[in-house]
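Biologist: Hey, I'm new to this one. Could you walk me through it?

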Amino acid sequence: FPFPYTPYLIQERFMAALYSALEAGRVGIFESPTGTGKSLSLICGALSWLRDFEEKKQQEEARLLAPEDSGREGRQQVTSAEPGAPGSRGTAGEPDWVTAFVQKKEERDMVDRLKEEQIRRKKREDRLEKIRHNVQLKYAAKRKRSEGDETTRLLQLSKEVLSEGAGVDFLEQLDHNEEELILAEYESDEEKKVVPGLEEDDDLEEEHVTKIYYCSRTHSQLSQFVREVQKSPFGKGTRLVSLGSRQNLCVNEEVRSLGALQLINDRCMEMQKNKHEKKSDEEMEGKKRRVSRTVCPFYSYEQMQFLRDEVLVEVKDIEQLVALGKETKACPYYGSRYAIPAAQLVVLPYQMLLHEPTRSAAGIKLKDQVVIIDEAHNLIDTITCIHSAEVSGSQLCCAHSQLWQYMERYRKRLKAKNLMYIKQILYLLERFVAMLGGNVNQNPGCQAVSQTGTVLKSINDFLFQSQIDNINLFKVQRYCEKSLISRKLFGFMERYGNPATAVKTNRENQKLAGLQNFLLTLQQGSDKEGSLQGSPVEAENDQLRSASPLMQIEGFLSALTNANQDGRVILNRQGTVGQSSLKFLLLNPAVHFAKVVEECRAVIIAGGTMQPVADFREQLLSCAGVDPARVVEFSCGHVIPPENILPMILCSGPSNQQLEFTYQTRDLPQMMDETGRILCNLCNVVPGGVVCFFPSYEYEKQVYAHWEKTGLLTRLATKKKIFQEPKKANQVEQVLMEYAKCIKRCSQAGGQMTGALLLSVVGGKMSEGINFSDDLGRCVIMVGMPYPNIKSPELQEKMTWLDKTMPRAAGQAPSRVLIENLCMKAVNQSIGRAIRHQKDFASILLLDHRYARPAIFNKLPQWIRERTQVKPAFGSAFAELRK
């Protein structure tokens, strides 16, 4: 398509390419810059394919179910199977009559399955249609809910009245208080027995229809996508489900108040377990019933069925789903999961889809489905982060102390299998601390490490050297997950572990005084020289942070179950055991992405800036075993005309100082002065906002201090008000608001000050997802090349692994390609902040002569690369900018 591009043409081309990839079952890498209608194209292309796919499937079903057709096909199969001679055999060596019988049986089974599916589909459509048009049904359901609530309230009141007259001795009262802290009897998977009556109603057990799983990075991006669906031509008839974490969807205020995601998860799972245990306990006759424990009032199967149907009737985002859950008194987290089988479009964060245990728990089945991963420029990093884990020495010692105290207190109440697993976990913690050079029985903050530094080990070497290779980590991990031990331990420490917390009764206080004193001395240091380090406020914050360290340790144990060649364990020994840490680094993200690609019919990896795409092809798809013929790439140009963007590579500054911001030269005063002169000249001619990106926070701080010292900052401030990107995420919005207000005020008032200058950092809070549209970003400046820290042990190990496993590309070592790709991905994300819609315009300046090298230049996005000018001197570049 020749210039000028129009959004319609690009959307049409994008949709056609997407439709073709889905039809052929490809793995697609799609790039469409911001402003080209990427989200709308993804919706329309994918849902139009899904509509056609469903129509073809229904036509095929109708053909197979038609009496005359099935009879004719059956006769054809029998005729072709009849050999004419009794002793003739089929191609597999079986007699032909056997082959014909098998074929006819398979056909009858298929017809039966199709009939059942049609009945289920008809039943579902009738139910949804009734809900869509029958308002009285909603009011009837509400009235039934209110009657049920009143009944529950009266029953609870009667129980309280009866309990007041009963004499309860102290021991039973203590048991009631601590009942929820005791671990239930644990049965591994092979020992489990099916308890009659425990299963829920089977009404929702229906096959998963062919659907599209749409994933993005954040919940705000998903909400924006859902609003696009609502506005699209498919908004009325699409069955859409929004999935999220309990933190986003829980409507139980008691659980939400726990704050941390892991605590919310554990508490919720415990409540569901209590519900099932209560059922089984009520069925036991002649035995003393266990004390009833908390059950979530929103976990009502009947109400969640109603919520499921409401979700499928009308497209709703997460906020609307939560509001519906509060109104119907049904859990949106589980209700939305019940809606997955019948949904056509499932919207979820891609962390949920990429992590297999989370995927399984959510009931997501990828077999023959379509997955679209949007905002996928950091997909490799995300997979690596999800499956990596780190624990500090202080967390290990704290978890050991807490778990040992828990075991000692409840030893007589715990079953043998629970005690066995707890002792195994205690042993693992002891060995982990020993690998850091410490002892679990001493204060980690006061134990000095004799040999400091960073050591990398393979998984097997770490297991052998820590002497834990005889323990089945898979079983231990499964135990931690199923027994909810981290939640029980947190509840125990929350009740008895904080010396500052007042204990409710005097008798409890007497019994637990020894335990509290021990924990207090442990917190302050158990050795003679130990003392409480830091201020009381810092100590309190540390205690809150380490409230349940076993949760982080569970993640580390899970990481150790990876294959030996796919990861490394990093021992980071610092001054003390408490400051030291163990970290698992995943080297091969493809091993966790392979199952997604294998099971799905098609996978689309989409983003606004996907260059360079070699990483996706080699590190993700090739290593996952994807046939190169199955991979298709699509990249479209931008909607803006060529004159609306001016990208330039600047090789030297106003005083002819060559621009090369290497680690050796960028700290030189003349280099920082030259950067300041360039900015002064640009701020004199560029209206509105100027955004300047630095390679790191430290370098930005260093340059700012130098300009302040030389007086250059004062010269800049005469034309632009200067803002700095904050390190804290909660301050970013405030800075952006002030920046936008300043630009708007200057454009309306006129005068000497023409706008604002924002000093940002590559990879920081403002380099991704922020729209510097129109006057907010008329010029984007990239100072130097933001190469990653090559001295990082993690990066060095990744480079070594790539050199061993990947072929050389164009004469370059894979490790060198990785460094360049990491740098250019960060650059491309940052400079893409300026052009946000069809009529936007901006200039882009890359301050370093190394950008002109072919290997680097070719990794710029195509729509920028084909318009980029290389300027050896500052004069010609400044003249172009003025024009």
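Modeller: Here is a short tour, from the whole protein to a few of its parts.

Modeller: This is a predicted model, where local features need pLDDT of at least 70, side-chain atom pairs count only at pLDDT 80 or more, and totals for chains, interfaces and linings use all residues. Residues are numbered from 1 along each chain as its sequence is written, and side-chain values use heavy atoms, with hydrogens and water left out.

Biologist: How many helices and strands are there in the protein?

Modeller: There are 35 helices and 18 strands. Helices (H or I, at least four residues) and strands (E, at least two) are DSSP runs, numbered from the N terminus.

Biologist: And what share of the residues counts as buried?

Modeller: 49% of the 883 residues. Buried means under 20% relative accessible area, exposed over 50%, and partly exposed in between (1.4 Å probe, protein chains only).

Biologist: OK, sheets next. What is the strand order in the open sheet of four strands?

Modeller: The order is E6-E9-E8-E7, and the pairing is antiparallel. Two strands pair if DSSP finds at least two bridges between them.

Biologist: Which strands stand at the edges?

Modeller: E6 (389-392) and E7 (453-458) do; each has a single partner strand, so one side of each has no neighbour in the sheet. On average, neighbouring strands are turned by 15° against each other, direction ignored.

Biologist: How many bridges join E7 and E8?

Modeller: Six, with E8 covering residues 567-573. In one of those pairs of residues, Gly453 has Arg573 in E8 as its bridge partner.

Biologist: Which helices lie across these strands?

Modeller: H24 (residues 550-559) lies across E6, E8 and E9 (581-586), at about 130° to E6. H31 (residues 793-805) lies across E7, E8 and E9, at about 35° to E7. Axes are lines fitted to C-alpha atoms, for helices over the stretch in contact, and angles run from 0 to 180 degrees between N-to-C directions.

Biologist: Switching to helix pairs. How do H17 and H18 cross?

Modeller: The axes of H17 (residues 393-410) and H18 (residues 416-435) come within 9 Å and cross at roughly 155°. The two are therefore roughly antiparallel; angles under 35 degrees count as roughly parallel, over 145 as roughly antiparallel, 65 to 115 as roughly perpendicular and the rest as oblique.

Biologist: Which residues meet there?

Modeller: Among them are Leu403, Trp404 and Met407 in H17, and Leu426, Leu429 and Phe432 in H18. By class, the contact has 14 nonpolar, one polar and two charged residues. Ala, Val, Leu, Ile, Met, Phe, Trp, Tyr, Cys and Pro count as nonpolar, Asp, Glu, Lys and Arg as charged, and the others, Gly among them, as polar.

Biologist: What about H16 and H26?

Modeller: H16 (residues 379-386) and H26 (residues 614-622) pack at about 35°, with axes 10 Å apart. Leu379, Ile380 and Ile383 of H16 make the contact with Asp615, Phe616, Gln619 and Leu620 of H26.

Biologist: Last one, Met766. Where does Met766 lie, and is Met766 buried or exposed?

Modeller: Met766 is in the loop between E15 (755-761) and E16 (779-783). With 0% relative accessibility, Met766 counts as buried.

Biologist: What is Met766 in contact with?

Modeller: Leaving aside neighbours within four places in sequence, the partners of Met766 include Phe693, Leu736, Phe772 and Arg833. Contact means heavy atoms within 4.5 Å. The C-alpha atoms of Met766 and Ala729, 37 residues apart along the chain, are separated by 10.0 Å.
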